[in-house]
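This report examines selected local features of one structure. Please consult the sequence and the coordinates alongside the text.

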Amino acid sequence: MTQTLLNQFRQICGDVHVLTHDDPTTDLSPWEQDWRKRVKGRALAVVRPGNTAEVAAVVKACAPAGTPIVPQGGNTGLVVGSVPDGSGTQIVLSMTRMNAVRTIDPANLTITVEAGCVLQNLHVVAENAGFLFPLSLGAEGSCTIGGNLGTNAGGTQVIRYGNTRELCLGLEVVTAQGDIWHGLTGLRKDNTGYDLRNLMIGSEGTLGIITAATLKLYPLPAAQLTAWAAVPSMEAAVQLLGLAHQRLGPGLTGFEVMGQFALSLVDKHYTHLRVPLWQTSPWCVLLENSDSENEAHARSQFEALLEVALEAGCVTDAVVAENLTQAKGLWHIRESITLAQVQEGLNIKHDISLPVSLIAAFVTETDALLAREVPGVRMVDFGHLGDGNLHYNVQAPEGADGQAFLRDFEDQVNTLVFDQVLKFKGSISAEHGVGELKVGKLPMYKDATAMAMMRAVKQALDPQNLLNPGRVLDRL
């Protein structure tokens with residue numbers, strides 16, 4: 001039966017687009033190993049369809065055979081949500097060949113792209129057409145739109161434009177039965193029943209396979225300015241955020257907070273980067289102001305904001321980028337924190353969201369609990385303060401063995417942090433998703449009725465549990 005199924009895949013997609021372990025010259029590690037190198041599975045095959053009809057045909061072949069399907073985009077996820085398990089019975093459905101930009105509708109301010117389109121390529125196409133697609137992530141050079149939608153990715157401009165969900169107007173989806181939902185509407189209003197689009201977004205490939213999307217575009221800003229500010233505490237960062245909302249209004253398109261230890265890792269492992277102000281301040285903030293008028297107007301707004309903030313004591317020092325090169329350099333420092341953590345060693349990641357008003361109290365209380373329970377841990381705190389999303393990561397004590405640290409303390413640390421998140425009315429996953437890493441924890445921290453409703457939806461749309469099984473839900 002397995003060989004028959006593989007032959008079907010070859011007939012559908014072509015021999016060169018069905019990869020198996022039977023070929024000793026083929027290395028499947030790029031599809032079987034997650035980005036953080038936490039898990040390595042074994043696939044029955046990696047299948048690379050070239051269009052939506054091929055995706056549907058592959059799914060229809062898998063359904064009667066009961067073969068599970070793991071949809072995969074750029075494989076840049078952080079919660080082990082897009083690699084196969086170790087059974088050798090699951091196929092990886094790689095969407096990277098489906099990377100076309102289908103249409104741009106300037107009057108409707110929309111662009112329609114296939115799921116395998118790399119985010120950075122979408123940025124280039126949109127900008128060349130005179131528009132902005134505002135989703136911005138550290139992995140944008142390799143992550144794909146299908147994965148962004150599957151995890152409802154956030155990034156650095158959520159404060160102004162929202163998560164990927166808010167940027168999507170329509171979807172094309174292949175169901176668990178191999179049917180195609182043609183939902184690529186560019187409508188901003190469509191009140192004709194259940195919101196199937198939003199049901200698929202954030203479902204991590206467990207309810208359907210996204211093959212294309214119609215996305216919102218925005219006019220390019222007349223000017224974008226970036227500032228880097230030192231703040232004396234997390235409370236001061238929250239105060240600065242409030243002032244920025246008042247002074248910049250919708251022009252505030254980025255507000256990132258970075259702890260001193262997080263920036264010290266960038267300074268340590270990327271010595272060519274000049275990290276400003278970090279040595280004398282416990283926290284730094286990166287702000288972006290996008291202006292629809294001109295650079296002079298944007299700069300005057302920024303300078304007025306920082307003057308008020310300095311007088312209020314919530315900023316102790318600040319620099320405003322003088323040109324685009326300097327601005328990109330500041331953002332590069334922020335985006336290098338994750339890579340610097342990798343260089344420092346294995347760590348326990350937490351992608352959490354909290355009410356902005358409670359973040360300072362959460363950090364103070366939870367830092368103290370962790371220091372008491374796991375002496376020597378180092379806190380790598382940074383994230384999108386503007387929308388309440390904190391990357392609250394726990395690095396092993398200096399000199400400790402990373403693997404042993406994860407083995408001995410990961411569950412204890414996760415439980416402590418997630419208990420605190422629940423106490424402070426937050427969510428244990430803000431933008432990374434649930435995947436495999438959090439699937440066992442989710443029922444403990446999500447409303448029981450919500451879990452029952454989610455299982456009912458999964459049962460209705462994928463009764464065989466063939467689409468990305470073991471992710472989001474631990475059971476049907």
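## Strand 12 and its partners

In this predicted model, A227 stands opposite V320, a residue of strand 15. The pairing between strand 12 and strand 15 (residues 317-320) is antiparallel and comprises four bridges.

Strand 12 also pairs with strand 14 (residues 283-291); these two run antiparallel and are joined by nine bridges. Within that pairing, L225 has N289 of strand 14 as its bridge partner. Strand 12 itself, spanning residues 223-231, is mostly covered, with eight of its nine residues buried.

## Helix 8

Helix 8 covers residues 234-248, a run of 15 residues. The distance from its first C-alpha to its last is 20 Å, close to the 21 Å expected at 1.5 Å a residue.

The buried residues of helix 8 are M234, A236, A237, L240, L241, L243, A244 and L248. After helix 8 comes G249, which has a positive phi, near 55°.

## The loop residue N152

N152 is located in the loop that lies between helix 5 (145-150) and helix 6 (158-161). Its relative accessibility is 13%, so N152 counts as buried, the cut-off being under 20%.

A polar atom of the N152 side chain lies 2.9 Å from the backbone nitrogen of R165. Once neighbours within four places in sequence are left aside, N152 is in contact with N163, T164 and R165, and likewise with I201, G202 and E431.

## Cysteines

How many disulfides does a search of the whole structure find? The search returns zero. C13 is accordingly in no disulfide, and the nearest cysteine sulfur, belonging to C62, is 10 Å away. C13 counts as buried because its relative accessibility is 7%, which falls under the 20% cut-off.

Why is the sulfur of C168 too far from the closest cysteine sulfur for a bond? The closest cysteine sulfur is in C117, at 13 Å from that of C168, whereas a disulfide requires the two sulfur atoms to be within 2.5 Å. The separation is therefore too far for a bond. C168 is buried as well, since its relative accessible area is 2%.

Technical notes. Residues numbered from 1 in each chain as written. Predicted model: local features only at pLDDT ≥ 70, side-chain atom pairs only at ≥ 80, totals over all residues. Heavy atoms only, no water. Expected span 1.5 Å × (residues − 1). Buried < 20%, exposed > 50% of the residue type's maximum accessible area, 1.4 Å probe, protein only. Polar contact = N/O pair within 3.5 Å; in protein donor to acceptor, adjacent residues only side chain to side chain. Contact = heavy atoms within 4.5 Å. Pairing = 2+ DSSP bridges.
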